[in-house]
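This report describes the architecture of one protein chain, from its overall fold to selected local features.

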Amino acid sequence: MISEQTRARFDREVAKYPADQKQSAVMACLTILQEEHGYVSAESEKAVAEYLGMAPIAVREVTTFYNMYNQRPVGKYKLNVCTNLPCQLRDGAKALKHLEHKLGITMGETSADGLFTLQQSECLGACADSPVMLVNDLTMCSFMSNEKLDQLIEGLKSAEAKQP
């Protein structure tokens, strides 16, 4: 399951911790597998557990706790909209509904073209900037009015159309 190249990447992460605490690299190892496969499968979780000497359920707990780990294939653009109470009070739920309507999917689904997966996040830590969203677990977008959401979606679609 784990290639030599992947094992070398795991080894570099584990080396950052004392020998008796190699389980501390669990998040890094899961991230590596997600980068390679696009999501963390049950087989990937088992491989990480075996490599780190952890119980498979302990790895599963990490995978299911954090939004950043995809447990199934997702679209090219994963859109996480914060719907925690402070964001809801400032239109976070409305932003999610607007995206559902615009993309023709509901929260948790992927668009038919495979470009967008829409998810909700419990908290992105930017309550004062709400509504907020995180694109591909890397880019925070703040003050996302319907107009800004439309611009984001059209911009991403346009970028895709320009790629060979």
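## Overall architecture

In sequence order, the elements of the protein follow the pattern α-α-α-α-β-α-α-β-β-β-α. The model is a predicted one, and it contains seven helices and four strands. The C-alpha trace extends over about 50 × 40 × 25 Å along the principal axes of the protein. Of the 164 residues, 41% are buried. Among the contacts in the protein with a separation of 6 or more, 60% are accounted for by residues 24 or more positions apart.

## Packing of helices H2 and H4

Two packed helices are described by the angle between their axes and the distance between the axes. For helix H2, residues 26-37, and helix H4, residues 56-65, the angle is about 70° and the axes lie 11 Å apart. An angle of 65 to 115 degrees counts as roughly perpendicular, and H2 and H4 are therefore roughly perpendicular to each other. Their crossing is right-handed. On the H2 side, the contact is formed by Val26, Met27 and Leu30, and on the H4 side by Val59, Val62 and Thr63.

Within H4, the residues Val59, Val62 and Thr63 are buried. Viewed down the helix axis, the buried residues of H4 fall within an arc of 100°, so they line one face of the helix. Ile57, Glu61 and Phe65, on the other side of H4, are exposed. The cover over the buried residues of H4 includes H2 and helix H3, which spans 42-52.

## Backbone features in the loops

Most residues other than glycine have a negative phi, and most peptide bonds are trans.

| Site | Backbone feature | Location |
|---|---|---|
| Serine 130 to proline 131 | cis peptide bond, omega near -5° | Proline 131: loop between strand E2 (116-121) and strand E3 (133-135) |
| Asparagine 136 | positive phi, about 55° | loop between E3 and strand E4 (139-141) |

Aspartate 91 has a relative accessible area of 37% and is partly exposed. Asparagine 136 is likewise partly exposed, with a relative accessible area of 27%.

Tyrosine 77 belongs to strand E1, which covers residues 77-82. Buried means under 20% relative accessible area, and tyrosine 77, with a value of 10%, is therefore buried. Which residues is tyrosine 77 in contact with, leaving aside its neighbours within four places in sequence? They are Leu115, Phe116, Thr117, Asn136, Leu156 and Glu160. One of these contacts, Asn136, is the residue with a positive phi of about 55° in the loop between E3 and E4. Another, Phe116, falls in strand E2, whose residues are 116-121. Tyrosine 77 and leucine 134 are 57 residues apart in sequence, and their C-alpha atoms are 10.0 Å apart in space.

Methods. Residues numbered from 1 in each chain as written. Predicted model: local features only at pLDDT ≥ 70, side-chain atom pairs only at ≥ 80, totals over all residues. Heavy atoms only, no water. Axes fitted to C-alpha atoms, helices over the stretch in contact; angles between N-to-C directions. Helix = DSSP H or I, 4+ residues; strand = E, 2+ residues; numbered from the N terminus. Parallel < 35°, antiparallel > 145°, perpendicular 65-115°, else oblique. Left-handed = near helix turned anticlockwise from the far one by under 90°. Contact = heavy atoms within 4.5 Å. Buried < 20%, exposed > 50% of the residue type's maximum accessible area, 1.4 Å probe, protein only. Arc of directions from axis to C-beta.
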